[in-house]
Amino acid sequence: MLSRLQELRKEEETLLRVKAALHDQLHRLQVEELALQSMIKESEGTVPVLSAAETGEQQNMDNEEAINQTQLQLQMCVSEEEEEEEEEEEEEDS
């Protein structure tokens, strides 16, 4: 019973990390969408003035390192889950 509770806590931690990474990625995509909409409006000749905060967010979206970091975090979460499952299987086999 105790080991099952520990297992569920580990799963919860993993899911929370994945949720945070997905939330960050969603935010980046929303900023990218705003940038694309701005580019479309600019090409049409109807350009709204962007605030400094929006401009800063758009620059962060172009940061390939941030995108790669999110991908790396997701891969690490999956790897940790696989390792935990293997350890549990080994314990069950013993």
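**Basis of the entries.** I note that this is a predicted model, in which local features need pLDDT of at least 70 and side-chain atom pairs count only at pLDDT 80 or more, while totals for chains, interfaces and linings use all residues. I number residues from 1 along each chain as its sequence is written, and side-chain values use heavy atoms, with hydrogens and water left out.

**Fold.** I find three helices and zero strands in the protein chain, in the order α-α-α from the N terminus on. Helices (H or I, at least four residues) and strands (E, at least two) are DSSP runs, numbered from the N terminus. Of the 94 residues, 12% count as buried. The accessible surface of the chain is about 7,800 Å², and carbon and sulfur atoms hold 51% of this area. Accessible areas come from the Shrake-Rupley method with a 1.4 Å probe; for residues, only the protein chains shown count as cover.

I took a contact as heavy atoms within 4.5 Å. Among contacts with a separation of 6 or more, 77% join residues 24 or more positions apart. Ser3 lies in helix 1, and its C-alpha is 9.9 Å from that of Glu88, 85 residues away in sequence. Met76 belongs to helix 3 and is partly exposed, with a relative accessible area of 43%. I find 9.8 Å between the C-alpha atoms of Met76 and Val18, a pair 58 residues apart in sequence.

**Salt bridge.** I applied the rule of a side-chain nitrogen of Lys or Arg within 4 Å of a carboxyl oxygen of Asp or Glu, and the count comes to one salt bridge. Arg4 and Glu7 form this bridge, with 2.9 Å between the closest N and O atoms. Both residues are in helix 1 (residues 2–44), and because they are three residues apart, about one helical turn separates them. Arg4 is partly exposed, at 43% relative accessible area.

**Negative patch.** I find a surface patch of negative charge whose members include Glu11, Glu82, Glu92 and Asp93. Patch residues have over 30% relative accessible area and no salt bridge; like charges are joined within 9 Å, nonpolar side chains (Val, Leu, Ile, Met, Phe, Trp, Tyr) within 5 Å. Asp and Glu count as negative, Lys and Arg as positive; His and the chain ends are not counted. Helix 3 (residues 64–93) gives the most to the patch, with ten residues. Glu92 is in helix 3, and I record Glu92 as exposed because its relative accessibility is 64%.

Definitions and conventions
The place of a charge is taken as NZ of Lys, CZ of Arg, CG of Asp or CD of Glu. Buried means under 20% relative accessible area, exposed over 50%, partly exposed in between (1.4 Å probe, protein chains only).
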